[in-house]
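Have the viewer open as you read.

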Amino acid sequence: MKKSLKGVEYSLLAIVMLLIAFPFLWMLSASFQTYIEIIATPPTWFPSSFDLSNFMAAWQSGPFLTYTMNSVVTTFVVLVLQFITMIPAAYAFARLEFKGKNICWSITIICLMIPMQLIFLPNYLLFSQWGMIDTYWPLILPFATSAFGIFMLRQSFKQIPEEIIESARLDNASEWKIIRTIFIPVAKPTIITVLLFTFISRWNDYFWPLVMTTAEDARTLPMGVALLRTTDAGVPWNEVMAANVILVIPILIVYFIAQDKIIKAFTYTGIK
Amino acid sequence: MADVKLVNISKDYDQKVRKKKQPTKKAVEDINFVIPSGSFTVIVGPSGCGKSTTLRMIAGLEAVTEGEVWIGDRIVNDVKPGDRNIAMVFQNYALYPTMTVYKNISFGLENIGVPKKEIDARVQQVATLVNLSAYLDRKPHQLSGGQRQRVALARAIVKRPDLYIFDEPLSNLDAKLRAEMRNELINMHKELQTTFIYVTHDQVEAMSMADQIILLNEGNVMQIGSPMELYHRPQNIFVATFMGTPAMNILPVTEVISLVHQTVKPGESIGYRPEKARLSEQPNDDFFWVKSEIVTTELLGSETLYRVKNKFGEQHVKLTEPFISTARDVYVFVKHEDLYFFDENGERLEGVNTHEHHQQYALR
Amino acid sequence: MSTINNMPSANVAPRVRQRKWQQALVPYALIFPAMLVFGLFFIAPLVFMGILSFSKWNLISDDIPWVGFANYQALLQDAVFLEALTNTLMYTAIYVIAIVGISIPLGVWLNKNTLIHRIAQAAIFSPHVISLVSVAMIWMFIMDPTNGVLNVVVSWFGAEGIGWLTNPQIALYSLIIVTVWKGVGYYTIIVIAALAAVPKTLYEAAALDRASAWRTFTRITVPAITPTIYFVIIINIINAIQTFETINIMTQGGPINSTTTLVYYIYEEGFLNFDIGPASAAGMILLGILMILTYFYFRLLGRKVQYEQ
């Protein structure tokens with residue numbers, strides 16, 4: 001009885017896992033198929049050969065090196081800027097008293113809740129006024145700090161006992177030294193969490209670059225991949241899937257390496 | 001080395017904080033006292049009495065609302081905590097969680113630019129002193145409570161401060177370790193010959209360690225003096241009942257009582273300590289006595305604690321020899337010179353008991 | 001003598017005051033960069049959008065003609081806008097019900113610490129880290145009307161091929177399937193995290209009281225994770241309202257506007273047609289909806305924050 005129940009559970013588990021995994025596997029399979037195999041009915045489940053021609057074709061169908069560069073640069077700069085801007089702000093909100101703190105905190109919370117889909121239009125007008133469309137600026141500046149990161153970091157800074165800071169003050173440590181030697185090390189897991197979160201959301205972002213770039217060489221990787229579907233002569237799914245493999249695999253690798261941390265990062269955002 | 005002097009010190013939290021901590025009153029009101037250089041002064045009182053606030057004002061962690069804090073010959077009201085040359089040991093130890101024991105101890109020295117070589121020498125020396133040499137590479141979370149306590153001590157000692165401040169440092173330890181640490185602190189004080197200011201709510205700690213006790217209640221100083229002074233010559237009912245366990249028995253007087261030396265009026269109270277009372281089956285007019293009955297008996301080993309009931313209410317009597325009796329009525333009796341008298345405001349009436357003639361317990 | 005004594009204090013006082021004055025500035029210096037970003041790219045655009053919603057600006061002229069509530073009135077008469085509103089409502093309702101209805105049982109089921117269960121947890125979470133672009137394109141391929149896998153599966157059951165993304169009756173639901181596939185793992189993990197916080201002693205007590213599995217679930221598990229369920233509901237409402245990528249890539253709001261949501265409407269009006277006024281007005285309406293939801297969200301969060309202290 002017990003054994004058969006376990007059997008049922010494991011088969012159900014297998015089904016769930018298959019439902020989740022199938023699209024990935026199907027993408028992978030398609031990325032190796034030839035065009036003939038792709039358009040065949042019934043579909044070809046396994047490609048006949050594993051050559052990389054689809055990947056080459058996809059890569060060469062547009063300036064993918066530029067796309068990749070754009071993605072890497074903007075993501076990296078955003079990460080650095082967020083690190084620089086988040087920590088002092090979170091420290092001030094967690095530990096210092098000043099006039100206007102409540103208003104500034106409310107602004108932070110509002111920014112935490114506003115989706116970019118709501119404010120893209122005025123932002124677009126602003127950046128075009130400044131002649132910054134098709135530069136890195138619109139892809140970087142609005143993300144130079146993270147309301148979410150400030151929110152999370154403030155939370156973790158608040159958990160540091162007051163006595164530890166008082167101890168440090170009695171030990172003649174300056175505010176800056178206190179931040180550097182006590183706050184940052186204690187909040188390291190949270191900082192990593194926030195930066196991972198930022199990395200994934202920036203790397204994957206499609207909407208913002210779609211709005212803020214018009215020139216081909218200003219676009220990012222997700223945009224470049226998305227553009228592949230709009231060819232006139234039928235969608236070359238094998239190449240499109242190959243491009244998606246290129247887009248997905250790095251993130252999946254990061255995910256499976258830092259799986260614990262990422263899951264924690266995302267759940268933490270949910271729980272708090 | 002310097003005296004610490006508080007002159008007319010008051011602390012009033014701003015409205016926001018006050019709502020949480022003290023709804024109506026100032027946290028500390030018009031406090032004056034001197035902590036002589038080299039003394040072991042314990043500030044004691046029930047929770048919420050303002051003792052921690054007072055301590056934190058001395059350390060500079062809390063702003064002073066009114067009055068002056070003197071350390072030596074300078075007013076330090078506006079001096080940053082780090083510039084007061086003070087070391088503080090906190091109740092929860094406040095160790096830097098991400099630093100090793102070594103780093104925890106050396107942190108303060110690094111901040112004031114002591115040369116690396118000297119830092120190392122001083123850290124090693126202090127680590128030996130508190131028996132932590134083997135643990136210098138550990139992080140705080142890898143240490144036991146007692147070890148953390150010793151790191152906190154080492155961190156204080158290494159700075160060679162003018163003044164050590166302890167904020168209930170032993171309350172997180174178990175009973176046995178606490179007794180050990182009390183001894184260690186007393187020895188440490190002897191060796192360092194520096195001023196110790198120690199805050200606790202535990203009168204036993206105060207009695208056993210202090211050479212000066214400052215007893216606070218509701219933000220006011222109740223009495224300042226040596227442990228024996230506070231024990232034998234309490235200035236009011238609060239001091240009398242706070243010092244000593246079990247507390248002094250207070251007998252509210254409702255009708256005029258004539259005793260050998262004086263008469264006690266209604267509204268006043270008589271006090272006696274449980275350990276000064278005796279039990280008997282007979283009244284004895286050489287003593288102050290009350291007809292009572294025994295409510296409970298607790299055998300404590302070397303002593304026996306009785307709870308007795310009489311017309312004044314319930315009291316404790318502590319005897320070294322058990323009192324065995326089958327009689328329903330027993331008599332509590334106390335020597336006249338062991339009685340204390342308090343007026344209707346709870347202030348002690350001076351000059352009526354022989355303890356006045358006992359030796360004066362002067363400060364060291 | 002007295003002058004000499006007074007000299008140092010006279011010198012020291014201003015310096016102390018200056019230091020205090022500088023110290024008062026420290027917090028502002030610390031928050032300034034963040035506040036600048038928020039002000040320039042979040043708050044100012046919101047205000048700007050509010051202004052634009054009452055105007056008819058052609059993006060070129062220097063003066064911005066005021067039209068009062070004309071944009072809002074026009075919206076209410078715009079069939080596409082009203083359809084977008086209904087679509088958003090439908091999409092959100094079904095999506096949220098699906099997410100909650102799947103993630104809770106799945107979370108309860110997978111809440112075990114064996115290797116296989118942990119692998120399953122990691123697996124169902126994985127779509128969440130993938131770019132929506134890839135998710136949309138993979139599913140477009142799967143839902144392809146001519147040689148998509150989904151129709152092959154349908155044909156196994158003897159049914160006709162379905163126009164997953166081409167049939168106006170179905171396209172919205174297809175999009176929901178895709179986003180549910182992407183999101184459900186994440187919320188399952190959140191449910192699991194909430195379940196882990198339920199004290200074990202509660203279950204032990206229930207076992208001693210001979211409670212059935214179902215009663216244990218309804219009387220202990222569900223009440224214990226109710227705050228999380230609320231949270232999942234509200235966050236998903238907000239997420240659903242923001243949906244853009246899948247629509248843009250898979251259907252472009254079609255066929256015949258059947259998948260045009262509020263966000264997509266704003267995008268089309270404002271960005272593709274450059275009807276700034278109506279788009280801004282629609283944005284303001286969306287902002288209103290989000291503010292109401294945020295209010296409820298923080299009511300819930302507020303309860304949690306109090307709990308923390």
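Contact here means heavy atoms within 4.5 Å.

Residues are numbered from 1 along each chain as its sequence is written, chains are lettered from A and ligands numbered from 1 in the order in which they are written, and side-chain values use heavy atoms, with hydrogens and water left out.

**Two domains in chain C**

The domain assignment of chain C gives domain 1 (1–52) and domain 2 (70–301); such bounds come from an automatic or database domain assignment. Four residues of domain 1 of chain C are in contact with seven residues of domain 2 of chain C. The C-alpha centres of these two domains of chain C lie 45 Å apart.

Buried area is the accessible area (1.4 Å probe) that two parts lose on being put together, summed over both. Domain 1 and domain 2 of chain C bury about 430 Å² between them, with 77% of it on carbon and sulfur atoms. On the domain 1 side, C:Leu46, C:Met49 and C:Leu52 lose the most area to domain 2 of chain C, together 87% of what that side buries.

What about charged and polar pairs? A salt bridge is a side-chain nitrogen of Lys or Arg within 4 Å of a carboxyl oxygen of Asp or Glu. A polar contact is a pair of N or O atoms within 3.5 Å; within protein, one must be able to donate a hydrogen and the other to accept it, and residues adjacent in sequence count only if both atoms are side-chain atoms. Between domain 1 and domain 2 of chain C there are zero salt bridges and zero residue pairs in polar contact (both at pLDDT 80 or more).

**Two domains in chain A**

Chain A is likewise assigned domain 1 (2–51) and domain 2 (62–271). Eight residues from domain 1 of chain A and nine residues from domain 2 of chain A take part in their contact. Their centres, taken over C-alpha atoms, are separated by 34 Å. The area buried between these domains of chain A is about 730 Å², and carbon and sulfur atoms give 80% of it. A:Met27, A:Ser31 and A:Tyr35 supply 59% of the area that domain 1 of chain A buries against domain 2 of chain A, more than any other three residues. Domain 1 and domain 2 of chain A share zero salt bridges, and one residue pair in polar contact (both at pLDDT 80 or more) is found across their interface.

**Where chain A meets chain C**

How many residues of chain A are in contact with chain C? The count is 91 residues of chain A, against 85 residues of chain C.

| Interface | Buried area | Share on carbon and sulfur atoms |
|---|---|---|
| Domain 1 and domain 2 of chain C | about 430 Å² | 77% |
| Domain 1 and domain 2 of chain A | about 730 Å² | 80% |
| Chain A and chain C | about 7,700 Å² | 80% |

A:Met113, A:Leu118 and A:Trp237 supply 9% of the area that chain A buries against chain C, more than any other three residues. Between chain A and chain C there is one salt bridge: C:Lys112 pairs with A:Glu9, the closest N and O atoms being 3.4 Å apart. The two chains also have 13 residue pairs in polar contact (both at pLDDT 80 or more).

**Annotated spans of chain C**

An unreviewed UniProt entry places "domain: ABC transmembrane type-1" at residues 85–297 of chain C. UniProt positions are given in the numbering used here, feature names are shortened, and annotations may be inferred rather than shown by experiment. Residues 85–297 of chain C are 76% helix and 0% strand; helices (H or I, at least four residues) and strands (E, at least two) are DSSP runs, numbered from the N terminus. The unreviewed entry also places "transmembrane region" at several spans of chain C, including 89–110 and 172–197. Residues 89–110 of chain C are 100% helix, with end C-alpha atoms 31 Å apart, and residues 172–197 of chain C are 96% helix, with a corresponding distance of 36 Å.

**Confidence**

The model scores ipTM 0.86 and pTM 0.79. Chain C averages a pLDDT (the predictor's confidence in each residue, from 0 to 100) of 82, and 90% of the residues score at least 70. Over residues 1–16 of chain C the pLDDT is below 50, and this stretch has zero contacts in the model beyond near neighbours in sequence. Where pLDDT is low, the predicted coordinates should not be read in detail.
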